Amino acid sequence: MRVHRPCSACAGTLSTVRGEPLVRQIGAAVAMAAWLASAGALAQPAPRPASAPADPPRSVAPIVYTPTDIVDEIMDLAGVGAGDYVVDLGSGDGRLVITAVAKYHARGGFGVDIDGPIVKVSNDNAAKAGVADRVKFHERDLFAADVSEATVVTVYLLPGIMPKVEKKLLAELKPGTRVVTHDFPFPTWTVEKVIAVESLDKIATTGFAFTQLYLYKVPPR
Ligand SMILES: C[S@@+](CC[C@H](N)C(=O)[O-])C[C@H]1O[C@@H](n2cnc3c(N)ncnc32)[C@H](O)[C@@H]1O
């Protein structure tokens with residue numbers, strides 16, 4: 001089931017959602033906290049000695065797939081179409097970039113993921129979908145990815161890493177590039193549009209159906 005409610009008044013955090021019954025907001029917040037805690041998102045990293053080498057790539061989010069109905073909402077919100085080049089940071093099984101090209105006629109795209117086996121699965125999925133000539137997935141830390149060719153970027157990561165992702169995207173993307181984040185907003189970037197979506201397929205992973213998607217546009221320099 002998919003219930004699409006435009007929600008331009010609900011930029012910011014879940015607690016600002018208007019028109020949601022209080023019990024629903026509390027339930028969503030409790031389920032969200034449980035999911036984040038299980039994913040280690042609320043834990044603080046141990047301090048690193050000043051002399052230590054640079055951190056190796058580390059996982060900044062668990063493998064949790066965007067349900068296919070929400071993938072379509074993300075494509076619609078970003079307005080993906082011919083001419084777009086779509087990049088997914090932490091691409092899982094590749095569904096976002098593959099859908100962008102196979103269904104929404106984007107000219108190409110790539111995904112990066114830190115998990116080697118899932119990168120192989122995503123390249124196999126691109127081949128099965130007949131888009132392997134235009135879609136590639138790489139085993140790479142998302143912070144090492146060159147995103148400058150993107151016209152659309154998708155992000156489904158955890159809240160603690162969103163400030164660093166925001167900084168990277170604002171520094172590297174061309175003005176006008178659209179960015180859609182799933183569940184978690186950027187901390188300082190002004191959001192263009194927020195939509196609230198319900199998908200029963202999310203209950204299995206996060207414990208609740210309620211989802212928010214955030215659209216951003218890179219401002220002129
Ligand atoms: C919540 S899942 C989202 C998957 C996919 N984008 C989707 O929406 O279906 C986050 C993904 O980010 C990947 N990931 C975590 N840390 C990463 C990093 N430092 N660099 C690249 N990928 C990372 C995980 O392996 C996982 O596949």
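Visitor: How many of the eight residues of H3 are buried?
Guide: This is a predicted model. A residue counts as buried if 20 or more other C-beta atoms lie within 10 Å of its own. In H3, Leu 96, Val 97, Ile 98, Thr 99, Ala 100 and Val 101 are buried. H3 is thus mostly covered, and the count of its buried residues is six.

Visitor: Which elements cover the buried residues of H3?
Guide: Both helices and strands take part. The helices include H2 and H4 (116-128). The strands include S2 (85-89), S3, S4 (135-139) and S5 (152-155).

Visitor: How are H2 and H3 oriented to each other?
Guide: H2 covers residues 68-78, and its axis lies 10 Å from that of H3. H2 passes H3 in a right-handed crossing. The packing angle is about 60°. Angles of 65 to 115 degrees would count as roughly perpendicular and those under 35 as roughly parallel. H2 and H3 are therefore oblique.

Visitor: Which residues of H3 meet H2?
Guide: On the H2 side, the residues are Thr 68, Val 71, Ile 74 and Met 75. The residues of this contact divide into five nonpolar, two polar and one charged. The H3 partners are Arg 95, Leu 96, Thr 99 and Ala 100.

Visitor: Of the residues around the ligand, which come nearest?
Guide: The shell has 13 nonpolar, five polar and five charged residues. Helix H3 (95-102) and strand S3 (108-113) each give two or more residues to it. Of the 23 residues there, the nearest are Thr 66, Gly 90, Gly 92, Leu 142 and Tyr 156.

Notes: Residues numbered from 1 in each chain as written. Predicted model: local features only at pLDDT ≥ 70, side-chain atom pairs only at ≥ 80, totals over all residues. Near = placed C-beta within 6 Å. Helix = DSSP H or I, 4+ residues; strand = E, 2+ residues; numbered from the N terminus. Nonpolar A, V, L, I, M, F, W, Y, C, P; charged D, E, K, R; others polar. Axes fitted to C-alpha atoms, helices over the stretch in contact; angles between N-to-C directions. Parallel < 35°, antiparallel > 145°, perpendicular 65-115°, else oblique. Left-handed = near helix turned anticlockwise from the far one by under 90°. Contact = placed C-beta atoms within 7 Å. Buried ≥ 20, exposed ≤ 12 C-beta atoms within 10 Å, placed from the backbone.
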